[in-house]
Amino acid sequence: KLIFLIIIIVTNPNWKYKLPNDYYIRKTSNQNVELVKKIDNKFYTEYETKQVGISSYIAEFQYNDNFVGVKTLDVIEEEAVVYFYLIDTKNEEIHGPYKDEETYLAVVGVWSKEVLGDWIPTIDNPNK
């Protein structure tokens with residue numbers, strides 16, 4: 001039984017990464033990495049008609065004590081498109097999408113007094 005459990009844990013790609021103010025980056029499959037807010041022990045991208053997270057595939061993220069920045073990858077008409085979002089985790093506000101990193105960085109400069117950390121890729125479990 002223990003070997004079976006170890007095999008499941010090793011082959012199961014799912015993980016979650018804790019961020020400030022009950023936000024998480026959560027990988028639920030190889031096709032799904034999302035930014036969610038934990039409310040009453042459940043994870044949400046939308047809560048009571050308000051968008052609180054990002055359901056698009058998150059390729060990379062960065063954060064500080066109050067803000068999370070994400071780089072999403074969307075496929076539109078068979079073309080990969082990158083979008084940037086800045087999430088104010090204290091006020092549950094989402095800024096974006098921005099189509100280029102220059103605009104995103106300008107927005108970060110306006111909203112966040114502290115710099116955000118390095119980009120963290122989601123291809124591997126960032127907890128390791």
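Two strands count as paired if DSSP finds at least two bridges between them. Strands themselves are DSSP runs (E, at least two residues), numbered from the N terminus. With that in hand, look at the open sheet here: 4 strands in the order β1-β2-β3-β4, with antiparallel pairing. β1 and β4 (42-44) sit at the edges with a single partner strand each, so one side of each has no neighbour in the sheet. Within the sheet, 6 bridges join β2 to β3, and R26 has E34 in β3 as its bridge partner.

This is a predicted model, where local features need pLDDT of at least 70, side-chain atom pairs count only at pLDDT 80 or more, and totals for chains, interfaces and linings use all residues. Residues are numbered from 1 along each chain as its sequence is written, and side-chain values use heavy atoms, leaving out hydrogens and water.

Now for the inside. A nonpolar core is a set of buried Ala, Val, Leu, Ile, Met, Phe, Trp, Tyr and Cys residues joined through side-chain atoms within 4.5 Å; buried means under 20% relative accessible area (1.4 Å probe, protein chains only). The largest one has 17 residues, and I58 is among those touching the most other members. A second, separate core has 8 residues, including F67 and Y98.

T72 belongs to strand β8 and is buried, at 0% relative accessible area.

| Residue | Contacts, including |
|---|---|
| I58 | I25, V33, L35, V70, T72 (within 4.5 Å) |
| T72 | I54, I58, V81, Y83, Y85 (within 4.5 Å) |

Key:
Buried means under 20% relative accessible area, exposed over 50%, partly exposed in between (1.4 Å probe, protein chains only). Lists of a residue's contacts leave out its neighbours within four places in sequence.
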